[in-house]
Amino acid sequence: MRPLLRFGRILGRNRDPLEPRQPNASTRVGTTTAACAHIGENVGVPDQNAYCAALGIAVPRVEDAMRSADANFYSLLIVALLERGGPLTLEEVAMRFERAGVAPAREALASLKRCKPARAPVYRDGEHYALDPHDDEVSFWLFRLGLRGPHFTPLQVVKPEFPSPSPDRPLTIAALDEAWREGVPGGWSAQRVAVTVLDAHDGPMTPSDVLAFVSARSPWSLLRPESAVFWHTGHAVRVLDDGRWALDRTHDAVRSAREAVRARIDLLRKWASQRPDPAALAAHQKRLERERAVHAAQLAALRRVLVHAYPAARPEAVAVVDVGARTIETLVGVELTRLGERLAPYDVIGAVGVRPLLRALGVECGERRLHELGPPQKTLQLNRRGRTLAITTTLLVHGSCGIGRPFGDPRTLREYLDAGAHTKFRRRLEADAKSLYGLYQYGRLHGAVRLRWGFLDEMLPAPWVHRDEATLHVLMREAHARGVALEVVVGAAPGWEHPWSRVQVAHVAADAWGTPGVLVDDHGWEIQRAEVQLARLATSEASGDRR
């Protein structure tokens, strides 16, 4: 078994990486040992936990996962979290790696810090790192590490096997069809092509018939109508008095041509056995499309709610937005006691800093999905000199929805709340929640959010959108396939009361690569896809209300 390779260093070079290492005082970090003493030695693996129950798998072990060739510190961190079934600190993970024989705790901790552990499906919550079991990356890593099998068995197309043609028997048309499935080989002379055709037809043929037979199976060939002029006396193909071509089957060129056809068929069969069958690929693609459609319907049926609180650290008021019903409710002061009951019917909760916010509100998320609406990344490098741009939610709302001031001044909210002006306070807080709703819906429509600042105009992936959801790209493909137009709202975020008041018709056109990727209006002007705020099929009002 090869040792674990990470960052160009081989850990445990002089030992078997699967053999547990005895802890040594010289390899331990004092703070690590103190922080992880409570995990003890030889902690047993439970039969089931929250993470594995959500995934429907047995609890894995780090010792088993480290055997995989794809094992690295990040993937083993995922396995450690699945094994525990709850959050862990990096120090605890490092000690677990040491007991499993992955690496000494000191080296494991340093590598864990370098591998960017707080990336999907792992997220950071204070000093602890936890796992989002609803993220598809978890299942992907389990498959790579050999901890689960494939979701489906590859299809095998069963084809009847025919024996290769014998050099001692005339060729058949079926044999030529198989040999020329990808065209006549470029190295075949005009004589060999004519010999194979005449041998397969078992009789004289006119030059036009021979050329028609060849051109129907191959776009290229060296055989021409004037080729007979260059065939010398004693050639395998002779020209009869009526102009037809006849074959002398006793000629050595006939056996050579038959052997060439046989070799070509054997080569094509060998190539076919080493690549997937087109029929199997088509069936697999149809199965994937059916599964995606079913999953997209399941995701669309989820009840979603957005929560916006003020202040986020110690909430005194909360605006709750029902995404499907487009309703908003504000809870202030003692009204927050019924927030848990208000959020109970929903399957998805979204907010900026959703996990700390729910913890501050005292709401248990349980098995519900949590959508983080904060920036997908903290900064963006602007130039080679190292200048960076801090990405904020305000920047993303402004770039995506075109709202100049998406969020009010916190000091104004505090003044309203302290003065007892609850009407103004609720109105301002609900306006902030509507801006957050616009960002959420823009991300669902495009699968990304837009960052515009100075010369920058980039799309950043929206972490709350699953790849199976019906984005604008999917709607455009469907509209192009059905031959219908789209109804879109372009520009700034639509109004809350009448979101479709600025609707216009958009037609889907093919781009330079022939794919349906361009939107044009009735006058033929292109509509920038990033400017689209709402979209639906022109003939499907019900399906468009969701967007």
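Student: Where does R106 sit in this predicted model?

Tutor: R106 is in helix α6, which covers residues 105–114. Keep in mind that the model is predicted.

Student: Why is R106 called partly exposed?

Tutor: Its relative accessibility is 44%. Buried would need under 20% and exposed over 50%, so R106, at 44%, falls in between and counts as partly exposed.

Student: How far apart are R106 and M95, in sequence and in space?

Tutor: They are 11 residues apart in sequence, and their C-alpha atoms are 8.8 Å apart.

Student: On to the cores. Which residues touch the most other members of the largest nonpolar core?

Tutor: That core has 36 residues, and the ones touching the most other members are L82, F97, V102, L112, V122 and L131. Helix α6 is among the elements that supply at least two residues each, along with others including α5 (90–100) and β5 (128–131). The biggest giver is α4, with nine residues.

Student: What makes L131 a contact of L82?

Tutor: Contact takes heavy atoms within 4.5 Å, and L82 is on the list of residues that L131 touches. Also on that list are Y51, I78, L81, P121, V122, Y123 and V138, leaving out residues up to four places away in sequence.

Student: What other core is there?

Tutor: A second, separate one of 33 residues, with L380, L389, L439 and V465 among its members.

Student: How do α16 and α17 pack?

Tutor: Helix α16 (residues 410–419) and helix α17 (residues 422–446) have axes 8 Å apart, at an angle of about 150°. The crossing of α16 past α17 is left-handed.

Student: Which residues meet there?

Tutor: From α16 you have L413, Y416 and L417, and from α17 they meet H422, K424, F425, R428, L429 and D432. By class, this contact has five nonpolar, one polar and three charged residues.

Conventions
Residues are numbered from 1 along each chain as its sequence is written. This is a predicted model: local features need pLDDT of at least 70, side-chain atom pairs count only at pLDDT 80 or more; totals for chains, interfaces and linings use all residues. Side-chain values use heavy atoms; hydrogens and water are left out. Helices (H or I, at least four residues) and strands (E, at least two) are DSSP runs, numbered from the N terminus. Buried means under 20% relative accessible area, exposed over 50%, partly exposed in between (1.4 Å probe, protein chains only). Axes are lines fitted to C-alpha atoms, for helices over the stretch in contact, and angles run from 0 to 180 degrees between N-to-C directions. A crossing is left-handed if the near helix is turned anticlockwise from the far one by less than a right angle, and right-handed if clockwise. Ala, Val, Leu, Ile, Met, Phe, Trp, Tyr, Cys and Pro count as nonpolar, Asp, Glu, Lys and Arg as charged, and the others, Gly among them, as polar. A nonpolar core is a set of buried Ala, Val, Leu, Ile, Met, Phe, Trp, Tyr and Cys residues joined through side-chain atoms within 4.5 Å.
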